[in-house]
Amino acid sequence: MVERLLMKGNEAIGEAAIHAGCRYYFGYPITPQSELTAYMARRLLKIEGAAFIQSESEIAAINMVYGAAAAGGRVMTSSSGPGISLKQEGISYLACAELPCVIVNMMRGGPGLGSIQPAQGDYFQATKGGGHGDYHLIVLAPSSVQELVDLTIKAFDLADKYRNPAMILGDGLLGQMMEPVQFKEFQKERIPSKEDWALGSCQGRKPRRIVPFNLDPDELEKIVNKIGRKYEDLPKEVQYEVVNMDDPDIVVVAYGTVARVVKTVIQKGKKEGINIGLIRPITLYPFPYAVINDAANRVKQILVAEMSLGQMVEDVKLAANGKSKVFFYGRTGGVVISPVEIWEEVKKILNQN
Amino acid sequence: MMKKVFARPKSLTEVPFTYCPGCHHGIIHRLIAEVMDELNIAQDTIGIAPVGCSVFAYLFFNCDMIVAAHGRAPAVATGIKRVKPNNIVFTYQGDGDLASIGTAEIVHAANRSEKITVIFVNNAIYGMTGGQMAPTSLEGQVTQTSPYGRDPKTMGMPIRMCELLSTLNSPAYIARVALTKPAYIIRAKKAIKKGFQYQIDGKGFSLIEVLSTCPTNWGLSPKEANEWLEKKMIPYYPLAEFKNVEEVS
Amino acid sequence: MAKVIIDQERCKGCELCTIVCPQKIMVMSKSFNKKSYHPAEQINPEKCNGCAFCAMTCPDVALEVYK
């Protein structure tokens with residue numbers, strides 16, 4: 001019997017990381033994720049051989065991650081909007097050097113210093129690269145505290161499997177709320193050995209070089225193409241949730257916190273005789289294009305609801321590929337969309353079309 | 001039968017250096033490699049190459065190497081050392097890297113007294129980008145971006161990193177050396193060796209600043225560059241041990 | 001009795017060895033190496049005392065010294 005614990009989202013991520021064998025954390029405080037940094041301090045400073053550093057900046061933190069990952073450590077950092085922006089150069093280096101790590105972004109309102117309230121305005125930054133050059137992160141979008149746990153563990157596994165940074169893209173609401181969670185048994189053996197590529201002692205082997213750089217365009221192209229082939233493989237890791245998709249009148253696509261709101265609206269719809277389907281992408285990169293494309297064959301209208309000016313809606317339009325009309329409803333600046341707003345939007349779309 | 005009294009250290013690869021004629025990077029590389037040989041640590045050493053001319057350092061040392069983003073080598077070294085505390089970790093950084101874009105990283109790595117060795121190459125100019133002003137460029141020094149000479153009124157005075165870092169309590173060893181004559185080179189090697197030895201002994205952070213020439217961007221011959229360094233740089237950047245944990249009473 | 005062996009292909013002709021040699025027997029060759037530098041060479045080798053100052057100061061580790 002696995003114990004159920006009541007945990008705050010940010011702390012659940014921290015416990016999940018430690019559960020998954022993460023022993024190195026480098027980070028800088030920023031609201032609304034500071035509890036995670038504090039949790040890692042409490043736990044890791046008591047574990048022999050582990051390391052927690054409150055770094056001098058987010059830039060230093062991501063570069064400590066780069067070093068720790070290069071040395072073969074299971075390593076994590078976390079931040080929110082502005083801090084994630086500061087980490088982008090380092091993330092690009094990690095991707096080029098094919099180093100695994102987990103980066104948590106508990107999104108807050110932006111741009112600029114923005115606000116400290118929940119938002120989803122970092123979707124483009126997270127899913128389209130974020131830093132300079134040709135690369136992607138593996139991006140996972142939880143929508144409950146249990147999923148924060150499960151996807152944090154999964155993020156470490158995927159990062160190692162593809163030797164690519166993985167990001168948990170949550171928001172301030174998920175980080176702050178408390179829900180019961182369970183930690184399933186974690187077999188350490190599933191952490192792959194890094195002995196064949198990590199830096200260390202070169203006794204008995206040739207010295208290794210981790211070089212995210214090549215002045216020869218043909219050589220750099222080879223490096224980038226090798227990274228690109230991983231992204232071609234990634235669609236097999238697609239994960240999503242569908243709700244009420246048997247015979248929907250309209251489909252809503254939403255992730256994270258907004259998907260929770262949509263689930264309330266689905267119940268309202270049932271009472272009012274409107275069948276609202278939900279497709280909730282859990283992996284944002286790779287994006288679940290196929291299931292949305294399939295839905296576009298079946299319904300005339302798809303509504304994308306996001307806490308942004310409209311970012312994921314572009315991927316949904318790509319997925320729908322003109323086969324159904326894609327509408328957008330968003331609130332931004334840290335405003336959480338209410339069920340009433342989505343309900344009114346659904347009725348408006350159905351009445352007009 | 002004659003004995004070899006001077007040979008290429010084993011900790012250097014055979015790859016010819018990519019530096020300009022007379023540039024001191026090559027001497028510094030060799031001194032580090034000799035120290036690695038003498039302490040028998042090459043097999044356990046992880047080096048961090050910076051951005052700048054010496055980004056190619058990863059080609060020259062016979063140990064594991066990684067290239068860091070500009071200025072971030074001390075943070076990268078921190079990450080490596082915390083995962084692999086039994087390995088010897090050194091960074092190799094220029095003046096733009098360490099004293100400008102990476103000022104925060106070096107100050108805080110020193111303050112945490114990370115058990116790493118930092119080789120700081122101060123040649124008072126940006127080399128790879130073609131001769132722009134460095135934080136360590138001298139007052140009045142003409143560079144691409146101080147074409148009328150460095151004016152302290154608007155550009156500040158050159159930063160003395162050893163002195164600045166020596167105000168911290170934690171570092172184990174901080175010294176400034178030069179290479180313009182054999183006596184200096186011998187002293188420089190001793191300082192570098194001490195830096196690595198202190199790391200091996202777990203004493204903490206060590207930094208050796210090496211005053212270095214950049215004949216190409218200074219617009220001088222290697223011989224003139226050595227003279228300029230002695231005449232202009234050493235008076236402003238005194239050669240000394242600024243901090244030595246062994247000598248704390 | 002001492003001997004300096006110069007890897008003339010590594011030499012970039014910076015002349016620093018000629019300055020530090022106390023015997024003034026390190027000079028620059030009139031010929032070119034493959035990189036088009038005039039490499040260092042030793043004249044009057046019998047005067048060499050094996051102090052290795054030349055090798056110590058060489059930025060390209062192009063010299064070996066025997067004594």
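Chain A exposes about 14,200 Å², of which carbon and sulfur atoms supply 51%. Accessible areas come from the Shrake-Rupley method with a 1.4 Å probe, and for residues only the protein chains shown count as cover. The model is predicted: local features need pLDDT of at least 70, side-chain atom pairs count only at pLDDT 80 or more, and totals for chains, interfaces and linings use all residues. Residues are numbered from 1 along each chain as its sequence is written, chains are lettered from A and ligands numbered from 1 in the order in which they are written, and side-chain values use heavy atoms, with hydrogens and water left out.

Chain A holds 12 helices and 15 strands. Its radius of gyration is 21 Å, close to the 20 Å that the globule rule gives for 353 residues, so chain A is as compact as a globular protein of that length. The radius is taken over C-alpha atoms, and the globule rule is 2.2 Å times the number of residues to the power 0.38. Helices (H or I, at least four residues) and strands (E, at least two) are DSSP runs, numbered from the N terminus. Along the principal axes, the C-alpha atoms of chain A fill a box of roughly 70 × 50 × 40 Å. Of its 353 residues, 59% are buried. Buried means under 20% relative accessible area, exposed over 50%, and partly exposed in between (1.4 Å probe, protein chains only). Among contacts in chain A between residues at least 6 apart in sequence, 79% join residues at least 24 apart. A contact means heavy atoms within 4.5 Å.

Charge in chain A comprises 40 positive and 40 negative side chains, with the centres of the two sets 2 Å apart. Lys and Arg count as positive and Asp and Glu as negative, while His and the chain ends are not counted. Each charge is placed at NZ of Lys, CZ of Arg, CG of Asp or CD of Glu.

Chain B comes to 10 helices and 8 strands. The radius of gyration of chain B is 17 Å, close to the 18 Å given by the globule rule for 249 residues, so this chain too is as compact as a globular protein of its length. Its C-alpha trace spans about 50 × 50 × 35 Å along the principal axes. Buried residues make up 61% of the chain. Chain B carries 26 positive and 21 negative side chains, and the two centres lie 2 Å apart.

Helix α3 of chain B (residues 73-83) is mostly covered, with 10 of its 11 residues buried. Among them are B:P74, B:I80 and B:K81. Helix α8 (residues 182-200) of chain B contains B:Y184. B:Y184 is buried at 14% relative accessible area. Beyond its neighbours within four places in sequence, B:Y184 contacts B:A178, B:L179, B:E230, B:I234 and B:L239. The C-alpha atoms of B:Y184 and B:L239 are 9.3 Å apart, across 55 residues of chain.

Chains A and B share the most contacts of the 2 pairs of chains in contact. No contact joins chains A and C, whose closest C-alpha atoms lie 21 Å apart.

B:C162 is buried, at 0% relative accessibility. The sulfur of C:C14 lies 6.3 Å from the closest cysteine sulfur, in C:C58, again too far for a bond. C:C14 is buried at 11%.

Key
Disulfide = S-S within 2.5 Å.
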